[in-house]
Amino acid sequence: MGDDGARVPAGTDRLRLRRLTMADVDVLVELDSDPEVMRFLTGGVATPLATVRGEQLPRLLAQYERCPGLGRWAAHDRQSGEFLGWFALDPSADGTEAELGYRLRRSTWGRGLATEGSRALVRYAFDTVGVRRVWAETMTVNERSRRVMVKAGLHYVRTFHLQWDDPIPGTEQGEVEYEVRAEEWATVGQERPAARRAR
């Protein structure tokens, strides 16, 4: 539970998660202003402040009420309190499935935080919320993100091609979808802690 009693993932040893608020506009705009962070999303183009404030954040805040337990959460360094980015379990229309997502500051890359946070969210999605499927998508060429998905317990499902008005480099290779279903997690999720102890 969060400080306001809302259901929030517990986070990890290094990450504290909390609900987003309208006060997060500036840090979200800053996050999306890094061309490398946005490389596989917009080709490096920043998200305008007006879009974050007027469209994205209001939609994300409304999601908390529509699907309690799911949504998008700000991620902070548990020691320093620094804002690092966000993690998401964006709900399907009926709330029975969730799309895993993450966007972290470039300064955090290479430290295993995306994998750490994603694993915690997948476990939370099945063990606490009770979704039937967690899935994620990225560009085929985004190898770093694809590795995170696999390490979080998801497996490759398909490659598909979408039509874009403004395609970015790599679009021609398509998008990939990964998933893990509740019945798989019932087996895989129980094995994971023991596997970690054995290393």
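Student: Which residues in α4 are buried?

Tutor: Bear in mind that this is a predicted model. Buried means under 20% relative accessible area. In α4, the buried residues are Leu113, Ala114, Thr115, Glu116, Gly117, Ser118, Leu121, Val122, Tyr124, Ala125 and Phe126.

Student: How many residues does helix α4 have, and what span does it reach?

Tutor: Compare the end-to-end distance with the expected one. Helix α4 covers residues 113-129, which is 17 residues. From first C-alpha to last it reaches 22 Å, close to the 24 Å expected at 1.5 Å a residue.

Student: What follows α4?

Tutor: Look at the backbone angle after the helix. Gly130 follows α4, and its phi is positive, near 85°.

Student: Now the sheet. What is the strand order?

Tutor: Seven strands form an open sheet in the order β1-β2-β3-β4-β5-β7-β6, and the pairing is mixed. β1 (15-19) and β6 (155-160) are the edge strands, each pairing on one side only. From one strand to the next, the twist averages 30°.

Student: In which sense do β4 and β5 pair?

Tutor: Check the bridges. β4 (residues 97-104) and β5 (residues 133-139) pair in the parallel sense, over three bridges. Ala98 has Val134 in β5 as its bridge partner.

Student: Which helices pack on the sheet?

Tutor: Read contacts and direction together. Helix α3 (residues 49-66) touches β1, β2 (71-77) and β3 (83-91), and its direction makes about 110° with that of β2. Helix α5 (residues 143-151) packs on the sheet too, touching β4, β5, β6 and β7 (175-181). The direction of α5 makes about 165° with that of β5.

Technical notes:
Residues are numbered from 1 along each chain as its sequence is written. This is a predicted model: local features need pLDDT of at least 70, side-chain atom pairs count only at pLDDT 80 or more; totals for chains, interfaces and linings use all residues. Side-chain values use heavy atoms; hydrogens and water are left out. Helices (H or I, at least four residues) and strands (E, at least two) are DSSP runs, numbered from the N terminus. The expected span of a helix is 1.5 Å times one less than its number of residues. Buried means under 20% relative accessible area, exposed over 50%, partly exposed in between (1.4 Å probe, protein chains only). Two strands pair if DSSP finds at least two bridges between them. Axes are lines fitted to C-alpha atoms, for helices over the stretch in contact, and angles run from 0 to 180 degrees between N-to-C directions. Contact means heavy atoms within 4.5 Å.
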